[in-house]
Amino acid sequence: MCIRDRYTVEQVIQSNGNLTLDQAIPGPIPLGFTPDIYNVQPALGFYCLYKPRPGETPTNATPVCPNIEQVAKQHAEWLTDAGFDYIAVDISNWPLVGPIGPEHFPSTDMTILRPLQVLAEEWLALRARGIKTPSIAAFVTTQCGAVACTEGKEGGTNYAMWRWLLDTFYNDPTYSQIVHTLDQRKVMFLPSSIVPAYHNASLVDLIEANGGRNDVRVISMWAMDESYFCLLYTSPSPRDS
């Protein structure tokens with residue numbers, strides 16, 4: 001599978017009408033998935049951070065990402081040189097894990113979860129060589145519509161994302177050392193402008209308890225609340241008057 005086989009928005013604009021925005025959208029896109037569009041070609045070229053886990057067998061649809069080590073190293077250098085000590089990986093639109101493994105394409109695992117692990121593996125390898133990297137926190141939704149997602153691994157494809165992150169990333173010795181901490185507790189950001197997040201103190205307590213480890217700190221992180229968006233999208237524009 002090619003890393004990139006479509007045009008960028010910049011190329012469309014510069015084409016003097018010879019290209020359309022549709023040609024910046026990769027396809028075909030399976031039902032339920034929204035395509036990603038590149039505005040410009042990244043400085044490092046088009047890249048991805050996916051590779052199968054040990055023991056997994058790739059298929060013809062499995063992405064091939066040849067420059068993972070170089071991309072991860074350069075990003076670490078740029079971020080640390082700029083003074084960033086951690087990054088928050090945005091998983092706020094995916095409340096459930098879905099199918100796991102390289103035979104499922106596209107999937108949340110292939111586009112987000114395994115790349116999160118790969119980035120951590122690369123940065124931990126850099127740290128082992130004495131190269132500084134940021135730490136990593138997750139910015140994750142817990143909501144399945146109006147209710148909280150709570151299914152564990154036994155839920156199969158309904159495995160709640162926040163639980164997967166605790167079970168498979170925060171609590172896994174392979175990755176736990178790179179998880180961002182505050183006051184010796186691992187940080188998990190939830191997309192809520194409210195404390196406790198979503199007005200759900202029991203959920204926040206459940207996450208922070210982390211199966212009895214009591215080593216997670218939940219931080220609400222959202223710039224605006226729903227009332228702002230309701231006002232934004234229902235109020236008349238000054239140009240309408």
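Let's start with helices α3 and α4: in this predicted model, their axes come within 12 Å and cross at roughly 30 degrees. Since anything under 35 degrees counts as roughly parallel, that makes α3 roughly parallel to α4. The crossing of the two is right-handed.

Who makes the contact? On the α3 side we have Thr108, Leu113, Leu116, Gln117 and Ala120, and α4 brings Met161, Trp164, Leu165, Thr168 and Phe169.

Keep an eye on Leu165, please, as we move to the core. The largest nonpolar core in the model holds 49 residues, and Leu165 is listed with Ile136 and Met188 as having the most contacts inside it. Several elements give two or more residues to this core: the helices α2, α3, α4 and α5, along with the strands β1, β2, β6 and β7. The largest share, nine residues, comes from α3.

So what does Leu165 touch, leaving aside residues up to four places away in sequence? Leu165 meets Ile91, Leu116, Ala138, Val140, Tyr170 and Met188. You'll remember Leu116 from the α3 side of the helix contact. As general background, nonpolar side chains in soluble globular proteins tend to be buried together.

Last stop, friends: Lys153. You'll find Lys153 in the loop between β4 and α4. Is Lys153 buried or exposed? Its relative accessible area is 65%, and over 50% counts as exposed, so Lys153 is exposed. Follow the chain and Lys153 and Val97 are 56 residues apart, yet their C-alpha atoms are separated by 9.5 Å.

Thanks, everyone, and over to you.

Notes
Residues are numbered from 1 along each chain as its sequence is written. This is a predicted model: local features need pLDDT of at least 70, side-chain atom pairs count only at pLDDT 80 or more; totals for chains, interfaces and linings use all residues. Side-chain values use heavy atoms; hydrogens and water are left out. A nonpolar core is a set of buried Ala, Val, Leu, Ile, Met, Phe, Trp, Tyr and Cys residues joined through side-chain atoms within 4.5 Å. Buried means under 20% relative accessible area, exposed over 50%, partly exposed in between (1.4 Å probe, protein chains only). Helices (H or I, at least four residues) and strands (E, at least two) are DSSP runs, numbered from the N terminus. Contact means heavy atoms within 4.5 Å. Axes are lines fitted to C-alpha atoms, for helices over the stretch in contact, and angles run from 0 to 180 degrees between N-to-C directions. Angles under 35 degrees count as roughly parallel, over 145 as roughly antiparallel, 65 to 115 as roughly perpendicular and the rest as oblique. A crossing is left-handed if the near helix is turned anticlockwise from the far one by less than a right angle, and right-handed if clockwise.
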